[in-house]
Each structure stands twice: as structure tokens, then as C-alpha cells.
Amino acid sequence: MRPQPLIAVHDVEYSSKWYQHVLGSKSNHGGAEYEQLLNEQDEMILQLHQWEAHHHPYLGDPNISKGNGVLLWFETSDFDALVERLNHHHVEILETVKVNTNANHREVWFKDPGGYVIVVASQYGDI
């Protein structure tokens, strides 16, 4: 088993481009209603679904706070490049780069355009 998180967004195409630029992911599906984003190894890391597309009663309510209690957490082997992309794209940073001594890595916390909280960590043992 492996995770395949799906988040609901208002603009799939815009969010897809944002994730591609910021996380360095790539599109595997494309379209206005649904997207799959892949990492460098062609593994799916995130799905995007348009709020109003199709009837999914458990997708959530687009009018309330996004992701309450859920963090989209990623690990990268090129943490420094990710931080450069965050700065280049003027991403809303919630917590600047910090060392997490409990996890023995570096991490940065930020928001995506839809309000979801994203954490990207360097690989374990990076510090």
C-alpha cells in the first residue's frame, strides 16, 4: 500500500502548474477537473480534484477552512533547490527553514494557493 493524497481545489490547472513549479513535480493527467502529479521517479505524489466536478459527497465543503488537521508532507532529496523555488515564486511561508532535531532533518512550512498547508522536509539524517 502507498498513499495517494487527493485535495480539492477551485482551479485544477492553476494548482497543477503551481505544484509543478514549486515542488518540481510533473503532470500525468492534465485537465480542468482532475490532475495527477508525479515525482522524478514517475510515482504519483498528489491528486488534484476540482471542487464542483462530479458528485463526491465526502470531498468536503469549499466554503470552510482547507485542510484543518491535515498537512501535506513531502520529503525531497534536493531541499536547497526547493527553498530556492519557494523564494522565486514568492510562496507564502509559514515557518522558514528550520532544523527538526527530533526527525534529524530540515523542513519548511508554507501554503499552496488554495490554503492547504504544505511541509517539505529534507531526507532523514540531513543535519
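**A chat about pockets and helices**

Me: Hi! Which residues does Gln20 touch, leaving out those up to four places away in sequence?
Reply: Gln20 touches Ser25, Lys26, Ser27, Glu35 and Leu37, where contact means heavy atoms within 4.5 Å. This is a predicted model, where local features need pLDDT of at least 70, side-chain atom pairs count only at pLDDT 80 or more, and totals for chains, interfaces and linings use all residues. Residues are numbered from 1 along each chain as its sequence is written, and side-chain values use heavy atoms, with hydrogens and water left out.

Me: Where is Gln20 placed?
Reply: Gln20 is in helix 1. Helices (H or I, at least four residues) and strands (E, at least two) are DSSP runs numbered from the N terminus.

Me: How do helix 1 and helix 2 pack?
Reply: Helix 1 (residues 12-23) meets helix 2 at an angle of about 130 degrees, and their axes are 8 Å apart. Axes are lines fitted to C-alpha atoms, for helices over the stretch in contact, and angles run from 0 to 180 degrees between N-to-C directions. The two helices are therefore oblique to each other; angles under 35 degrees count as roughly parallel, over 145 as roughly antiparallel, 65 to 115 as roughly perpendicular and the rest as oblique.

Me: New topic: how much space lies in the largest pocket?
Reply: About 330 Å³. On a 1 Å grid over the protein atoms alone, a pocket is an open set of points where a 1.4 Å probe fits, with protein on both sides within 12 Å along at least five of seven lines; lining residues have an atom within 4 Å of a point.

Me: What lines the largest pocket?
Reply: It has 16 lining residues, with Leu23, Asn39, Glu40, Glu75 and Thr76 nearest its centre. Strand 5 (72-76) and helix 2 (79-88) each give at least two residues to that lining.

Me: And the second largest pocket, which residues lie nearest its centre?
Reply: Trp51, Leu59, Lys66, Gly67 and Tyr116, out of 16 lining residues. Strand 1 (residues 6-9) supplies the largest share of this lining, three residues. The space in the second largest pocket is about 260 Å³.

Methods:
Points joined across faces, edges and corners; volume = space filled by probe spheres on them.
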